[in-house]
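Work through the exercises below with the model open. Try each task before reading its solution.

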Amino acid sequence: MTSVPINVPGGAERCLVMGVVNVTPDSFSDGGLWFDEATAIQHGFELVREGADIVDVGGESTRPGAARVSMEEELARVVPVISALSAEGVVVSVDTMRAEVAKAAVEAGARIVNDVSGGLADPEMPRVVAATGAKYVVMHWRGHSHDMYSRAVYADVVTEVREELSKRVDLVLAEGVTEEQIVLDPGLGFAKNAEHNWAVLAGLPRLAELGFPLLVGASRKRFLGRLLADPDGTPRPFSRSDDATLAVTALAAQAGAWCVRVHEVGPNADAVRVAAAWKRAGAGT
Ligand code: PMM
């Protein structure tokens with residue numbers, strides 16, 4: 001397969017929307033909801049109807065503290081869902097850190113490999129992605145979920161994320177991935193506390209200077225719940241942080257993000273259209 005740009009109607013003018021289907025029993029905000037194969041497939045189609053340009057299918061939770069699943073289990077969770085969605089023309093990405101899962105997913109029709117470890121968890125990943133020609137989301141990551149907060153130490157988070165992503169880019173290019181395949185993601189919440197996440201969002205233009213499209217995954221993350229905490233300090237539950245996600249989406253789109261990864265697709269699809277209309281009007285003045 002050769003490298004294909006993700007050709008989505010309107011994609012050139014607006015930020016894309018990636019809807020999440022976590023085929024897991026334990027993801028942070030939606031664990032267990034789409035664990036059953038048929039329900040996961042149905043949910044994927046529903047996200048497309050709501051306006052998702054891409055459906056991200058994952059079989060391993062990356063929530064803080066999560067334990068890893070076996071490769072066999074991960075394959076069994078994601079491959080049938082990816083096959084069913086891809087067969088109907090849905091642009092699917094696979095959320096995996098394993099090269100073998102990525103390979104099977106692309107064979108099943110996935111066109112994007114979303115590797116939250118940016119190739120660090122499985123050294124085979126860049127070579128495998130290079131051979132498939134799929135788009136490759138390289139996320140900033142410092143280690144597995146069980147102890148990632150101990151790595152949330154930065155003198156200057158934006159500079160360090162930028163440098164570490166740049167090193168990952170050099171490595172994946174050396175393994176045969178092409179520049180056209182690469183999308184970068186600052187990895188909100190991955191080895192980052194709330195303050196780091198806000199700094200990274202404010203620093204998106206500096207990350208964009210690396211010259212690659214940017215994906216932003218803020219949806220329902222804890223730093224939003226912390227921002228909106230009750231006066232007694234109780235964080236807002238993720239189930240009531242979708243409006244805050246929308247605000248991040250609009251601002252990220254305005255800052256030039258290529259794509260936002262979200263759980264609640266409909267309102268976010270509206271938000272990226274609002275941001276695009278605003279930008280178009282600005283370009284005409
Ligand atoms: N976040 C999660 C999972 N996969 N992929 C990318 N590229 N970026 C992210 O920020 C990201 C991701 C964790 O979120 P979830 O468990 O709530 O889906």
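On a 1 Å grid over the protein atoms alone, a pocket is an open set of points with protein on both sides within 12 Å along at least five of seven lines, a cavity is a set where a 1.4 Å probe fits but cannot get out, and lining residues have an atom within 4 Å of a point. The model is predicted: local features need pLDDT of at least 70, side-chain atom pairs need pLDDT 80 or more, and totals for chains, interfaces and linings use all residues. Residues are numbered from 1 along each chain as its sequence is written, and side-chain values use heavy atoms, without hydrogens and water.

**Exercise 1.** Find what lines the second largest pocket.

Solution. 
- Next, the elements (DSSP runs numbered from the N terminus; helices are H or I, at least four residues, and strands are E, at least two).
- Then the classes (nonpolar: Ala, Val, Leu, Ile, Met, Phe, Trp, Tyr, Cys and Pro; charged: Asp, Glu, Lys and Arg; polar: the others, Gly among them). The lining has 13 nonpolar, no polar and no charged residues.
- Last, the space: about 190 Å³. A volume is the space filled by probe spheres set on the points, which are joined across faces, edges and corners.

**Exercise 2.** Describe the largest pocket and say what sits in it.

Solution. 
- The largest pocket has a volume of about 540 Å³. Its lining counts 35 residues, with Thr62, Arg63, Leu188, Phe190 and Lys221 closest to the centre.
- Helix 8 brings the largest share of this lining, three residues.
- By class, the lining splits into 11 nonpolar, 13 polar and 11 charged residues.
- The ligand sits here, a term that asks for more than half of its atoms within 2 Å of the grid points.
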